[in-house]
Amino acid sequence: MLQRAELRPLQGEDEKDEWLSHVHYAFAPHRSGEEVRELQERRPEPEMLEKKGYFVDGAMVSICGLIDFTGRLRGTWVPIGGIGPVATPPEHRRRGYAKGMLRDLLVQMRDRGIYTSALWPFYSRFYECLGWGVSAESSGFKFSTEDLRRLVRGFGPQGTFSRASEEDIEVLDGIYRCWAQDYDLTIKREQQWWKWNVLTGWEKRSPYVYLYRNSHGDASAYVIYLIRGAEDNGRTMHVMDYAYADLDSYSALLKFLLDHDSQVGTFRIDTPANDPLFDWQATGEVKRHRGIMFRVVDVCSALEAVPFPRDLRDSAVLEVSDSLCGWNEGKFSVAVSGGRAEVCPTDDASDVQLDIRELSQLYAGYRSPEQLQKNDGLRVHSVDGLDFLGRLFPQRETYMAEDF
Ligand SMILES: CC(C)(COP(=O)(O)OP(=O)(O)OC[C@H]1O[C@@H](n2cnc3c(N)ncnc32)[C@H](O)[C@@H]1OP(=O)(O)O)[C@@H](O)C(=O)NCCC(=O)NCCS
């Protein structure tokens, strides 16, 4: 029998409660219903998180959230639909509901002009099959007290640190904006995002927030962290977020962490893949992590929105496959001049054949065409086409610190 499916905003308190219970079953099943209600009352989700339910024949069979971010891409601001949380309650799993919901969500995003999207995967293969591609990495450092002491030994004198709070969001945001401009995929953080996410998070934690002022009294770094574990030596300091305006301020921040050596035995910090810690030859454990997954939602709008190298005056035909978004399927002529692209459907022979995941990784600047050709199967029909793609999409530094 034909099922009637729709993805829509929640209506009424009962649907909101049901949505929330699916989120907690999926992501925090250890919490009791009582705890969930209490956390919820303390810090309800902000308006910018659009809660949606996927209803089949009237039953909520899968849920998701959409956050309409503005993010940095190729040096300009673009809309990025942040997707999360995605969950199907266990009684409805493996029936194609999450996939159907994401397909409908992509249609809604396209209709609203949100032509790119990003999400954190539980398992990247699941989303790769749906067109998202890993588009950033991070380095996870784990320092012992000795590692950190060795690292900060040569660092110069410090300014001052003071405890910060929601009252200081404007100052924190100024430092964040300065730091974030070196990375694509970083987002503009609105007040409500700072309050609800950066200074708390899904698990509604209350981290410590410290602000650093240099010797001139300028606010030039901040660090947000949790201290976990019960016993002195077993405790871990987990840095959840940080930013700095210059390297002196970053080194002061690391010295500040070390001043917790009487309380903490292990320090964890996630950084962009190219962090100065590598130049400073930090010792300790370091692991590379695959980062956020990114997807172009609408090929034409996305390609026409961002600036390209001004000296590039050329064109090629890209043949794109996209099993979820029919409007992205087919051959597109991409003609670039004066730093902008003009994109239109064509019947001409293609120079390069690629799927939407590969195109998304190129667009984000995370992969080069040569890497995709070697590892993933980007198909090249003309050497000029490959060369064009390389000049069109120079690689960029990408990083996404937000948790959603
Ligand atoms: C992950 C989850 C959302 C999948 O929901 P679902 O409705 O069962 O997924 P679908 O039936 O639409 O599956 C879509 C595809 O993914 C595959 N798939 C589903 N669950 C999978 C899993 N756990 N691991 C790998 N592949 C999976 C399906 O086989 C299907 O593949 P196909 O298109 O080739 O047939 C659901 O298991 C869940 O809520 N898990 C807990 C919360 C979670 O991890 N959410 C994701 C956060 S990023």
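Strand S10 (219–228) and strand S11 (236–244) are among the elements that cover the buried residues of helix H7. The model is predicted: local features need pLDDT of at least 70, side-chain atom pairs count only at pLDDT 80 or more, and totals for chains, interfaces and linings use all residues. Residue numbers start from 1 along each chain as its sequence is written. Helices (H or I, at least four residues) and strands (E, at least two) are DSSP runs, numbered from the N terminus.

**Helix H7**
- In H7 (residues 191–198), the buried residues are Trp193, Trp196, Asn197 and Val198; buried here means that 20 or more other C-beta atoms, placed from the backbone, lie within 10 Å of the residue's own.
- These buried residues line one face of H7, because they fall within an arc of 155° seen down the helix axis; the arc is taken over the directions from the axis to the C-beta atoms.

**Domains**
- The domain assignment gives domain 1 (5–114), domain 2 (137–289) and domain 3 (298–392); such bounds come from an automatic or database assignment.
- Between the C-alpha centres of domain 1 and domain 2 there are 30 Å.
- Their contact takes 16 residues from domain 1 and 13 residues from domain 2, where contact means C-beta atoms, placed from the backbone, within 7 Å.
- On the side of domain 1 that touches domain 2, helix H2 (33–42) and strand S3 (59–73) each supply at least two residues, and S3 gives the most, with five residues.

**Ligand shell**
- Ala26, Thr88, Arg93, Ala98 and Lys99 come nearest of the 16 residues around the ligand; a residue is near if its C-beta atom, placed from the backbone, lies within 6 Å.
- Helix H3 (residues 97–111) gives the most to this shell, with three residues.

Key:
Two residues are in contact if their C-beta atoms, placed from the backbone, lie within 7 Å. A residue is buried if 20 or more other C-beta atoms lie within 10 Å of its own, exposed if 12 or fewer, and partly exposed in between; C-beta atoms are placed from the backbone.
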